Amino acid sequence: MPTVTVADVLRLSVPDRIRLAQEIWDSVVEVPEAVELTREQSEEIDRRLAAYEKNPEQGSPWPEVKKRILSSL
């Protein structure tokens with residue numbers, strides 16, 4: 001596997017770096033048990049989940065948000 005440096009990544013266009021960051025993030029969320037949360041992060045997730053459960057029609061589903069972001073690049 002070739003070695004990629006930060007300098008290599010920074011030579012990419014901004015849209016390509018965003019896509020790369022998204023691909024990296026997508027690979028991380030495939031193994032959520034590997035991500036350790038702080039107490040504050042866990043509390044924030046709980047707060048947001050409670051807000052969603054109180055008013056689920058507010059906001060947008062992730063696929064819609066992702067589509068809007070990627071279409072604006």
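## Aspartate 16 and its partner

Let's begin with aspartate 16, which is partly exposed at 33% relative accessibility. Here, buried means under 20% relative accessible area, exposed means over 50%, and partly exposed lies in between (1.4 Å probe, protein chains only). The side chain of aspartate 16 meets that of arginine 19 in a salt bridge, 2.7 Å from N to O. The term salt bridge stands for a side-chain nitrogen of Lys or Arg within 4 Å of a carboxyl oxygen of Asp or Glu. Arginine 19 is partly exposed too, with 37% relative accessibility.

Helices (H or I, at least four residues) and strands (E, at least two) are DSSP runs, numbered from the N terminus.

## About the model

This is a predicted model, in which local features need pLDDT of at least 70 and side-chain atom pairs count only at pLDDT 80 or more, while totals for chains, interfaces and linings use all residues. Residues are numbered from 1 along each chain as its sequence is written, and side-chain values use heavy atoms, leaving out hydrogens and water.

The predictor's confidence in each residue is given as pLDDT, from 0 to 100. The protein has a mean pLDDT of 93, and 100% of its residues reach 70 or more. Confidence is highest in helix α1 (residues 6–10), at 96, and lowest in α4, at a mean of 93.

Are the two partners buried, exposed or partly exposed? Lysine 66 counts as partly exposed, at 25% relative accessibility, and aspartate 26 is also partly exposed, at 24%.

Next comes arginine 39, found in helix α3 (residues 39–54). Arginine 39 counts as exposed, at 56% relative accessibility. The side chain of arginine 39 forms a salt bridge with that of glutamate 40 (3.2 Å, N to O), and glutamate 40 is partly exposed at 46%. Through shared partners, salt bridges join Arg39, Glu40 and Glu43 into one network.

The side chains of arginine 39 and glutamate 43 are also joined by a polar contact of 2.9 Å. A polar contact is a pair of N or O atoms within 3.5 Å; within protein, one must be able to donate a hydrogen and the other to accept it, and residues adjacent in sequence count only if both atoms are side-chain atoms.

Which residues make the nonpolar surface patch? Val14, Ile18, Trp62, Ile69, Leu70 and Leu73 form this patch of about 520 Å². The elements giving two or more residues to the patch are α2 (14–29) and α4 (62–71), and α4 provides the largest share, three residues. Patches are made of residues with over 30% relative accessible area and no salt bridge, joining like charges within 9 Å and nonpolar side chains (Val, Leu, Ile, Met, Phe, Trp, Tyr) within 5 Å.

Leucine 70, one of the patch residues, sits in helix α4. Leucine 70 is partly exposed, with a relative accessible area of 36%.

How values were computed:
Areas by Shrake-Rupley, 256 points an atom, 1.4 Å probe, with all protein chains shown as cover.
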